[in-house]
Amino acid sequence: MPREFPTSSEILRQLIEFPTDTVTERGRQGFIEMCRYIRDLVTEWGLGQITEQEFSETDPSGKLEPKLRNLFIDVHGAGQERGLWHGHGDTICPDAVYAGSDRRPTHFMRCPEGENTFMGCGIGDMKMGLAAYLSGLRGLDEILQRVNRSIRVAIVTQEEWLSEGTHVAKPYLQGSHW
């Protein structure tokens, strides 16, 4: 019997634990680990088909390793029309702000102001959105089959609007109607 599907808060906690800034090698490795977590979750629960796109960007200071990547999840790929859930998976983790304190920016923690209020690096932009996407995939396939639709979840590097991650993802974003 498979384990219980994680709650949105559990998924969010895990996403925040990955440092995913793309300007450091540590952050790039964290992005890869986050993609692996998402891939494992989607595969274990049969939530869709995964495609990864690896690419190199123009970096004025020289090539950083590992390479950047985008992740795509197709849910009910045979649908007549495809919708797009588009977000970015990287965040800027301001380590210098936390220097000398016992807090880490990648900690998921409860705010002192509210019992159900949490904070952590990238929580509002965009890891909470990604947690909502992933939580929403559970049971979505059945609904999409009934209405003959499909969804592509695009988790890109950098911003979901004007960024190199979105630019190289264009072939994967084509054909979305809603």
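1. Residues are numbered from 1 along each chain as its sequence is written, and side-chain values use heavy atoms, with hydrogens and water left out. Because the model is predicted, local features need pLDDT of at least 70 and side-chain atom pairs count only at pLDDT 80 or more, whereas totals for chains, interfaces and linings use all residues.

2. The axes of α1 and α2 come within 9 Å and cross at roughly 150°, where axes are lines fitted to C-alpha atoms, for helices over the stretch in contact, and angles run from 0 to 180 degrees between N-to-C directions. The two helices are therefore roughly antiparallel to each other, a term kept for angles over 145 degrees.

3. On the α1 side I11, Q14 and L15 meet M34, Y37, I38 and L41 of α2, contact meaning heavy atoms within 4.5 Å. By class, this contact has six nonpolar residues, one polar and no charged ones; Ala, Val, Leu, Ile, Met, Phe, Trp, Tyr, Cys and Pro count as nonpolar, Asp, Glu, Lys and Arg as charged, and the others as polar.

4. The largest nonpolar core has 30 residues, of which I11, L15, I38, I73, L134 and L137 touch the most other members. Such a core is a set of buried Ala, Val, Leu, Ile, Met, Phe, Trp, Tyr and Cys residues joined through side-chain atoms within 4.5 Å, and buried means under 20% relative accessible area, with a 1.4 Å probe and protein chains only. Two or more residues come from each of α1 (8-17), α2 (25-45), β2 (68-75), α3 (123-137), α4 (140-147) and β6 (149-156), and α2 gives the most, with eight residues.

5. R3, in the segment before α1, counts as partly exposed at 43% relative accessibility, that is, between the buried limit and the exposed one of over 50%. Not counting residues up to four places away in sequence, R3 touches L41, E44 and W45.

How values were computed. Helices (H or I, at least four residues) and strands (E, at least two) are DSSP runs, numbered from the N terminus. Angles under 35 degrees count as roughly parallel, over 145 as roughly antiparallel, 65 to 115 as roughly perpendicular and the rest as oblique.
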